[in-house]
Amino acid sequence: MTNPSNPNGLSVTVIGCSGTYSSSESACSSYLVRTSTTTVLIDAGPGSSIELQRQVDLGEIDAIVLSHEHPDHWTEMPSLYHGFRYGVEKMGLAVYGTQGTKVRLDAAAPEATKGTFDWTTIDATSVVDVGDITFTFSETDHPVETLAMRMESGGSAIGYSADTGPAWSPEAFGAPIDLMLYETTLPVELEGQGIPHVSGKEAGERATAAGIRSLILTHVPPGHDAALREREMRAAFAGTIDIAMPGATFSPG
Ligand SMILES: [Zn+2]
Ligand SMILES: [Zn+2]
């Protein structure tokens with residue numbers, strides 16, 4: 001049944017959610033954002049093409065949007081290039097990312113952006129429409145140019161923090177977000193040491209300030225305790241919290 005507050009069926013499916021490097025349970029950052037008519041891959045962390053192809057045929061992907069050049073967010077792209085070029089033989093797939101990500105992709109797979117991927121360099125001022133999803137961006141607090149994303153369709157919006165330190169908040173979008181993937185990389189003991197990531201508490205505080213109703217806790221490194229991060233987030237956030245896991249799908253309420 002169609003949710004009246006989410007008429008296009010906007011949703012996000014977790015493909016990979018491990019932070020920093022892949023775990024035995026999950027690839028690194030990678031998510032499918034979909035409506036009834038549009039399918040977009042956001043980030044392509046190492047190992048992500050396995051779960052991705054469990055969820056969707058590569059040929060159904062309308063575009064790929066990459067947040068930044070760190071390896072845990074894009075290094076499945078050379079493998080996906082082979083999938084699109086030699087597998088589904090789909091040319092001209094729209095790919096959006098920062099200039100730094102383009103430099104690294106070109107070094108790793110020089111032919112990828114010469115026909116198979118139709119590359120567009122984006123920054124925090126960009127507005128990208130893919131089908132019925134509109135993407136806007138905000139530069140986060142991270143050592144390289146990193147773009148958080150707000151993805152709106154049919155009056156609902158999903159957010160993705162990408163990677164960020166505590167100096168960035170989703171309030172920077174200046175627009176409401178219903179459901180947000182928020183990186184929660186740090187144990188609270190490591191807050192305040194200049195590490196460019198946030199704890200569950202810091203993520204929860206910033207989501208509360210931005211009026212977000214639901215959080216998906218993600219980018220937890222292998223060996224870290226996601227349940228502990230959730231408890232720390234819950235102390236700072238009164239809304240719904242789910243822990244990301246591969247294959248899980250979430251929709252704005
Ligand atoms: Zn990362
Ligand atoms: Zn990063």
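What geometry does the site of the zinc ion (ligand 2) have, given the angles among its four donor atoms? With angles of 90 to 165° among them, this site is irregular. Four donors count as tetrahedral if all angles lie between 85 and 135 degrees; four count as square planar and six as octahedral if opposite donors are over 155 degrees apart and all others between 65 and 115; anything else is irregular.

## Basis of the description

This is a predicted model, in which local features need pLDDT of at least 70 and side-chain atom pairs count only at pLDDT 80 or more, while totals for chains, interfaces and linings use all residues. Residues are numbered from 1 along each chain as its sequence is written, chains are lettered from A and ligands numbered from 1 in the order in which they are written, and side-chain values use heavy atoms, with hydrogens and water left out.

## The zinc ion (ligand 2)

The protein donors of this ion are His68 (NE2), His70 (ND1), His142 (NE2) and Asp163 (OD), lying 2.2 to 2.3 Å from it. Donors are N, O and S atoms within 2.8 Å of the metal (3.2 Å for Na, K and Ca); water is not among the atoms, so sites may look incomplete. Along the sequence, the donor residues of the zinc ion (ligand 2) are spaced H-x1-H-x71-H-x20-D. Histidine 142 lies in the loop between strand S8 (133-139) and strand S9 (147-153), and aspartate 163 in the loop between strand S10 (156-160) and strand S11 (179-183), so the pair ties together parts that are 21 residues apart in sequence. Helices (H or I, at least four residues) and strands (E, at least two) are DSSP runs, numbered from the N terminus.

Histidine 142 is buried, with a relative accessible area of 12%, and aspartate 163 is buried with a value of 2%. Buried means under 20% relative accessible area, exposed over 50%, and partly exposed in between (1.4 Å probe, protein chains only).

Histidine 73 is buried, with a relative accessible area of 0%, and histidine 219 is buried at 1%.

## Sheet and strand pairing

An open sheet of seven strands has the order S6-S5-S4-S3-S2-S1-S14, with mixed pairing. Its edge strands are S6 (117-121) and S14 (249-250), each of which pairs on one side only. Two strands pair if DSSP finds at least two bridges between them. Strand S1 (residues 11-16) and strand S2 (residues 30-34) pair in the antiparallel sense over five bridges, and valine 14 has tyrosine 31 in S2 as its bridge partner.

S7 and S8 also pair in the antiparallel sense, over four bridges, with valine 128 opposite phenylalanine 135 in S8. These two strands form a hairpin with two residues between them, and glycine 131 in the turn has a positive phi of about 55°.

## Nonpolar cores

A nonpolar core is a set of buried Ala, Val, Leu, Ile, Met, Phe, Trp, Tyr and Cys residues joined through side-chain atoms within 4.5 Å. Of the 30 residues in the largest nonpolar core, Val12, Ile42, Val65, Phe135 and Met151 touch the most other members. A second, separate core of 22 residues includes Ile15, Leu80, Tyr81 and Trp119.
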